[in-house]
Amino acid sequence: MGGKSSAKRKGKKSGNPQKRGQKREGNAARNDFRGAGFKDSQVLGQGTMAVKTYVQQYAPVPTALDALPQPPVGFTGRDDDIAFILGVLDPDRSGSGPAVAVLSGWGGVGKTTLAYAAGHAVQKRGWFTGVLLVDLHGYDPHPAQAEDALEALLRSMGVRSEHLPPPGAGREALYRSQLNERQKAGERLLVVADNASAVTQVRPLLPPGHHGVLITSRNSLPGLGRLRTVNRLQPEDAVALLDAALKNNNPDDVRVEEDPEAAERVALACGYLPLALQITAALLAQDPGQPLSERADALGQAEGVLDGLNDGERSLRTMFDQSLERLAPQEQDLFRLLSLNPGTDVSTLAATVLADQSQSATERLLGRLAASHLIEHNPAVRGRWQMHDLLRAYAGEQSQTAMERGRAPRRRYEQARDRLVDYYVQHAQAADTHIRTDGRTLASRFSDREQALAWFDAERENLIATAHTSPQAGRDLGFALGRYLDWRRRLQDLVVVRSLALDACRELNDTGNEASAWNNLGSALQELRRFDEALHAHQTARDQHQQTGDTHGEAIAWNNLGTTLQRLRRFDEALHAHQADLDHCQQAEDTHGEAGAWNNLGNTLKELRRFDEALHAHQTARDQHQQTGDTHGEATAWNNLGITLQELRRFDEALHAHQTARNQYQQTGDTHSEASAWNNLGSALKELRRFDEALHAHQTARNQYQQTGDTHGEATAWNNLGITLQRLRRFDEALHAHQTARNHFQQTGDTHSEAQAWNNLGITLQELRRFDEALHAHQTARNQHQQTGDTHSEATAWNNLGTTLQRLRRFDEALHAHQTARNQHQQTGNTHNEAQAWNNLGTVLKELRRFDEALHAHQTARNHFQQTGDTHNEASAWNNLGSALQELRRFDEALHAHQTARNQYQQTGDTHSEAQAWNNLGTTYRALDRFDEAITAGQRAVEMLAEAQDWFRTGEAWGELATTLTAASADPSQIREAWNESATAYTRASAAEEAAASRTRADSTEIPEP
């Protein structure tokens, strides 16, 4: 390796002859000048020489073909880059292009180290017989010229100084001749041209033939070979480099292992630049007692970060100075101006504003800065530029230094900053007009909402950062950004800019806008579920608007105050607030504001279970939004209207309402609100027993909530998705959905919704026969609903708690639970849920053998379900009524009840419940000694339950069928088979006790011998 050829070649006689056939160390030093022009050469001179000269008879000269340094300790994270270089230098690569790779990137990113590592990698593969290394010092005050580099390379190949042609074509010709001869001799050399700054430095060094070249530069050098930008390390690789560098100084240094979090902070502060990490490791080695956290804190300070990246021998600032000094004055100036942009990247248009030049001129300057790797193209968005964090700190130092040179340059930079702030404010205000839904004139800077949102998306970080630069900017951008941030669900950012706007109004003594700033802050706090703070904000806004006589602003404050009171479940106060808002809007003849007031009033009436009034309110809101042309507001009204129609059990109308809302939200591009419509649409489809469609709707809602970052909305979708999965009897998936919903609600601090998730989780656990866990879930739900004061939902939890207690055969406690549920539903006026409590109450009374009371309970449930138009639950009441009548031995009436239940289940398409009705029909037929019909009914039941994979109830149905076969004196083998089928089904349901009982019955069935 390193240039020692393995080929044996004959040596010619000279003053120091070698034995024939002897392997000559460094035989690549053979100097062959064939084809070279040596006019005026110091070797040949001019004219005819008196002495005969043999050019190739000089004594061998030492070569430097194995001088490639090893990469520093800790070299890591460059697998993709190495693979690229290997692909370029592979002698068997496809194509006929030159084997030239150009590695570019900013100073300190590790280009030279990468080149060394690649050089060793290709030598290890045997692709090259030697490596020539030359440092072009491209960013020193006096960079090496191509002639100097050629001299160094020729010397490395063994050419004596007295044999070197003078600078010019002769030297380049000799270089090519040397390489051609080596190729003929079967050698292949790799030339590493390090630290180039210009194409002219490198082009004469490109070798002929099959030799290879690796070039490193802080500039992109197009036209030489395959280009590769070397980027910063990945975080984990940066930490690994830091650890290796520390251990190289002291193998016992365990600071990285002891505090990996601080190591990550150090790596981040170093910008994941290898040079910065090596410098930091050297400084840490000098102070072995310094914790990494202390070093991370020092580096994390915005000011002086570059001071901490200087170990006395190496300095990142010096490297950046060298790069900057290579630029033209205009390029240097723009580099400094770019530091005035407060965000992490900048658009070409914003840079044009800073430079105060034409866009085309600015683009040219930006392109040159990018070619020098002082800035880079944003890889995600065309027309945007970004700086490495350390380069941005350096640019900030440079701009500060420029401003300190005098009043004129300081004023120039201040004017550039003011121009940039004005640019951001004016464009944000123009974009905001496309997001507002109040019918105001749209600004012409943007063609439509989509373009405005795209601009906001690209500039969000810059706009928020700009809002922090001055009170004026904070106020203007705090108002202009709010609707966009709410639209995109950037809620933390929303609170930040709303708070900035409020602080700015106070500092600027802007009383006219302060009340609006309070109102906006309250709305942002609502979205983060910080309701007590939101309440204070809206009350303050209302009082200030009253104080200044701003009736319109006061109406908005009343509206938002009412919404907050709803979230706090203070519904009577919320009703008052929305009525006050409505009165103010009507007084001011503000139709758009009135529509919003009607909508929120309807939501409050719905919570107060005044559904008919809520229906009127939402219909009025819808009509007024249509009148004012506010499609988005109309969609919201349709969505709320659908929820109210669901409460009124008018599901077909609710379906239409939610579909309309979804379509209109899609039309306006509001993905977050569209998710709400999909969620509600799924609930309506579920009530219509269109479960597959409901599943799709809730999955879509969940995905859109995830997309918009709304954890609370996502939790709601997960909860509804779980209910649908329950109806599809996919209980394991339902369990996961409700657990996810519960966890998300806990994360967002919504105790009320968490209670609902616990309730649904309990229902799923019941179906999975995990009754103790279900009991805990329903008790938790009940307690949380008591805590939030929601009597209606507490009643639901009591009802489900009673069902679980029944399954645990704790009937007296179950009776109390269902009675409590019934009483609370009566108290809240919920007839439908009261009917469910009556139905369950009848079931537990039956278990307590209080059959007359059970009969009354089921009759009451049936009548209430008929009253509310719920055919499906009416069927359930009929089914349970039939069971009670059986216990009272009123079999003809029981038969009628179960037949009615079966028919209604068929009507609603509930095959699973229909199977249970068939099972009960079979037991009734058996009691009437109508065995053939009983057997037919029992067979239908087991077939349908098995198809639904409800194995526990399948086991029960097979047991009833076996009993019927016994009563009918059927073939004992059939009876035994039925009991065995029962045992098998119970086993599949993991009901070991029941399976054993059925197996015992099968074994005890005597089959007479033939």
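Which residues line the largest cavity? Let's start there and then move on to some helix pairs. This is a predicted model, in which local features need pLDDT of at least 70, side-chain atom pairs count only at pLDDT 80 or more, and totals for chains, interfaces and linings use all residues. Residues are numbered from 1 along each chain as its sequence is written, and side-chain values use heavy atoms, with hydrogens and water left out.

**View 1. A look into the largest cavity.** Leu338, Asn341, Gly343, Thr344, Asp345, Val346, Ile375, Trp385, Gln386, Met387 and Arg392 make up its lining. A cavity here is a set of points, on a 1 Å grid over the protein atoms alone, where a 1.4 Å probe fits but cannot get out, and lining residues have an atom within 4 Å of a point. The volume comes to about 100 Å³, counted as the space filled by probe spheres set on the points, with grid points joined across faces, edges and corners. Strand S6 (345-347) and strand S8 (384-386) are the elements that each give two or more residues to this lining. Strands are DSSP runs of E with at least two residues, helices are runs of H or I with at least four, and both are numbered from the N terminus. Sorted by class, the lining has five nonpolar, four polar and two charged residues. Nonpolar covers Ala, Val, Leu, Ile, Met, Phe, Trp, Tyr, Cys and Pro, charged covers Asp, Glu, Lys and Arg, and the others, Gly among them, are polar.

**View 2. The second largest cavity.** The structure holds two cavities of 30 Å³ or more, and this one has about 40 Å³ of space. Around it sit Asn919, Gly922, Thr923, Arg926, Ala934, Gly938, Ala957, Glu960, Leu961 and Thr964. H40, H41 and helix H42 (951-967) each give two or more residues to the lining.

**View 3. Helices H40 and H41 packed together.** H40 (residues 911-927) and H41 (residues 931-947) pack at an angle of about 155°, with axes 8 Å apart. Axes are lines fitted to C-alpha atoms, for helices over the stretch in contact, and angles run from 0 to 180 degrees between N-to-C directions. The two helices are therefore roughly antiparallel, a label for angles over 145 degrees, while those under 35 count as roughly parallel, 65 to 115 as roughly perpendicular and the rest as oblique. Their crossing is left-handed, meaning that the near helix is turned anticlockwise from the far one by less than a right angle (clockwise would be right-handed). Among the residues that meet are Trp918 and Tyr925 in H40, and Phe931 and Met944 in H41, with contact meaning heavy atoms within 4.5 Å. By class, the contact has 10 nonpolar, five polar and four charged residues.

**View 4. Helices H31 and H32 side by side.** H31 (residues 731-748) packs on H32 (residues 751-767) at about 160°, with the axes 9 Å apart. That makes the pair roughly antiparallel. The crossing is left-handed here. Residues in this contact include Phe731 and Phe745 in H31, and Trp758 and Leu761 in H32. Nine nonpolar, six polar and three charged residues take part.

**View 5. Helices H28 and H30.** The axes of H28 (residues 671-687) and H30 (residues 711-727) come within 10 Å and cross at roughly 20°. That makes H28 roughly parallel to H30. Asn679, Ser683 and Lys686 in H28 meet Thr716, Ala717, Asn720, Ile723, Thr724 and Arg727 in H30.

Definitions and conventions. On a 1 Å grid over the protein atoms alone, a cavity is a set of points where a 1.4 Å probe fits but cannot get out, and a pocket is an open set with protein on both sides within 12 Å along at least five of seven lines; lining residues have an atom within 4 Å of a point.
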